[in-house]
Amino acid sequence: MVFEVLAYDFMQRALLSGATIAVLCSVVGIFLVLRRFSLFGDALAHSSFGGVALGLLMGLYPLWMAYVISIISAVLITRIREKYDVSGDAAIAVLLSSGIAVGLVIIGLSGGFSVDIFSFLFGSILLVSVDDTILILAMTGAILLVILALFRQILYTTFDEKQAKVSGIRVERITYLLVFMAGLTVVTAIQLVGVLLISALFVIPNVTAMMLGRGFQGTVILSIGISVSTVISGIFLSYVLNIAPAGSIVVLAICVLGATMAAKSAGLLARR
Amino acid sequence: MPRPIEVSNLSVGYAGVQALENVSFGVDQGEFLGIIGPNGAGKSTLFACMLGLNTQYTGTVRVFGQNIHRSKGPLKKIGYVPQMMHFERNFPVTVREVIQLGMWHGVQEERVDEVMRELWIHELADRRIGELSGGQQQRVFIAKAMVNDPKMLILDEPVTGVDQASMSLFYGILKDLNSNHGITIMWSSHDLDAIKMMSSHVACLNRTLYFHGAAKEFFADEKLAQIMCQCTDPSECMEHNPGIAEPPPIRNEAS
């Protein structure tokens with residue numbers, strides 16, 4: 001059965017793209033979760049929905065416009081927090097609703113699009129093309145290389161901005177770089193789980209791994225493991241049960257989190 | 001060799017409030033300077049200026065002879081320990097990883113183990129920082145500050161929230177760093193007894209500098225010392241304490 005499924009090109013692309021996105025979301029997501037920016041991915045995804053609609057209206061490839069709007073939104077949220085002393089969750093809430101609202105207005109004004117807008121809302125990993133797969137691999141490679149090169153600075157800034165600043169780290173630049181990469185990651189991941197479930201990939205594997213891991217690198221590796229395995233299992237499950245992959249992936253991730261919580265409460269898990 | 005710290009006519013104001021006014025003093029190599037003053041006296045603002053975190057001031061702050069406004073280079077000679085930090089309890093970093101965060105480029109990995117042994121935290125190396133007690137965490141942050149072999153340590157109310165037993169160990173470590181390793185220390189605390197016990201010099205700050213000199217001289221009049229440290233307006237407090245005849249000794253060794 002497994003080999004039969006793997007013989008399909010679309011399935012190979014889905015699994016490769018899905019696993020790659022899972023790695024990317026885990027790595028970028030852990031910094032967002034630790035900065036109490038868990039809903040940041042959601043806000044960017046919602047605002048990029050407006051970008052998708054705008055792209056369709058302008059006759060451009062929707063994801064390119066989504067990238068532009070997502071990055072602008074990421075920088076905007078950070079700027080609003082810094083300049084106007086608005087709390088992070090309030091800034092996120094404003095952009096979260098405005099993205100969807102703008103998208104709906106554009107769709108309404110254009111009289112609807114022939115493209116299936118639901119594929120952006122709920123993902124369409126089984127439909128990724130070869131070009132999409134290459135884009136996902138390239139984007140993931142580039143973002144992970146930047147994180148690897150600036151790992152200490154990003155971690156230090158996440159742990160304690162003030163001390164990082166005293167050590168000569170340009171904290172503001174690192175913060176903007178991180179939100180810029182989050183903006184790119186969100187749009188890259190939209191194809192896997194869609195706008196509505198994106199934050200699940202950022203948050204759930206990392207929260208689970210933080211209950212189990214000890215050191216930072218160990219926690220990241222655990223999170224990647226959980227994320228990749230739930231994405232791959234979720235894609236297989238969706239094929240077998242003929243259901244949406246986004247749903248099965250997120251439900252599986254929640255099951256792993258629930259099982260971890262239960263095992264921890266029962267004292268079955270000691271932290272490694 | 002230039003003095004570790006040289007502050008001249010430092011004034012800081014924001015949102016219509018004068019946080020520091022015309023503060024001038026210096027710290028010599030090997031000195032153990034305690035900064036005292038009530039809440040809102042400007043102690044943290046003073047540290048922020050010295051560490052290059054606050055650049056909105058008038059006056060001059062020199063660190064190891066260099067104007068900190070122009071060059072952040074001398075900060076490499078300073079280790080900084082902030083007030084008890086409030087980080088995510090589940091933050092997945094071990095003690096070793098926290099100390100590694102503080103390492104400058106070129107510092108050898110063995111130094112991490114060395115500094116952990118010096119501060120009695122080597123057995124905690126693989127524990128998560130959030131699992132430790134307040135006193136243990138503060139020792140980790142001293143270790144992080146010490147990993148680069150700084151010439152000076154700045155500690156901003158380092159024992160806030162630390163239990164009594166850990167405090168004694170903590171003070172012992174500070175004393176050892178100063179006496180046996182020649183590290184210049186500047187620290188702030190509300191604990192007058194600790195300042196008296198530990199510091200060779202005292203600076204009393206309450207927006208402006210009320211006293212800077214030898215600790216012995218400052219604590220010669222205990223009641224005066226208490227008033228200076230606890231009153232929001234020391235001059236007014238003096239008027240309501242007729243037992244003290246003399247006005248506050250506004251003097252400064254640097255001026």
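Reader: How many residues does H4(B) have, and what distance does it reach from its first C-alpha to its last?
Author: Helices here are DSSP runs of H or I with at least four residues, strands are runs of E with at least two, and both are numbered from the N terminus. The expected span of a helix is 1.5 Å times one less than its number of residues. For H4(B) that gives 18 Å, and the helix comes close to it. H4(B) has 13 residues and reaches 18 Å.

Reader: How are residues and chains labelled, and which atoms do side-chain values use?
Author: Residues are numbered from 1 along each chain as its sequence is written, while chains are lettered from A and ligands numbered from 1 in the order in which they are written. This is a predicted model, where local features need pLDDT of at least 70, side-chain atom pairs count only at pLDDT 80 or more, and totals for chains, interfaces and linings use all residues; hydrogens and water are left out, and side-chain values use heavy atoms.

Reader: Is H4(B) mostly covered or open, and how many of its residues are buried?
Author: Buried means under 20% relative accessible area, exposed over 50%, and partly exposed in between (1.4 Å probe, protein chains only). The buried residues include B:Val140, B:Phe141 and B:Ile142. B:Arg139 and B:Lys144 are also among them. H4(B) is mostly covered, with a buried count of twelve of 13.

Reader: Which residue has its backbone nitrogen 2.8 Å from a polar atom of the side chain of B:Asn148?
Author: B:Asn148 sits in the loop between H4 and strand S7 (152-156) of chain B. It is buried, because its relative accessibility is 15%. Beyond its neighbours within four places in sequence, it is in contact (heavy atoms within 4.5 Å) with residues including B:Gly102 and B:Val107. The backbone nitrogen in question belongs to B:Trp104.

Reader: How many residues of chain A are in contact with chain B?
Author: The area buried between the two chains is about 2300 Å², meaning the accessible area (1.4 Å probe) that two parts lose on being put together, summed over both. B:Phe91, B:Pro92 and B:Leu101 supply 28% of what chain B buries there, more than any other three residues. On one side stand 27 residues of chain B, and on the other, from chain A, 23.

Reader: Which residues form the salt bridge across the interface of chain B and chain A?
Author: A salt bridge is a side-chain nitrogen of Lys or Arg within 4 Å of a carboxyl oxygen of Asp or Glu. The rule finds one across this interface. Its closest N and O atoms are 3.6 Å apart, and the partners are B:Glu131 and A:Arg214.

Reader: Which residue meets B:Lys43 in a salt bridge?
Author: B:Lys43 lies in helix H1 (residues 43-50) of chain B, and its partner is 114 residues away, in the loop between S7 and helix H5 (164-179). B:Lys43 counts as buried because its relative accessibility is 4%. The N to O distance is 3.8 Å, and the partner is B:Glu157.

Reader: Which residues does the salt-bridge network with B:Arg111 join?
Author: B:Glu114 and B:Arg111 meet in a salt bridge at 2.8 Å, N to O. Both lie in helix H3 of chain B, three residues apart, about one turn of the helix. An α-helix has 3.6 residues a turn, so residues three or four places apart point the same way. Shared partners make one network of B:Arg111, B:Glu114, B:Glu118 and B:Asp149.

Notes:
Polar contact = N/O pair within 3.5 Å; in protein donor to acceptor, adjacent residues only side chain to side chain.
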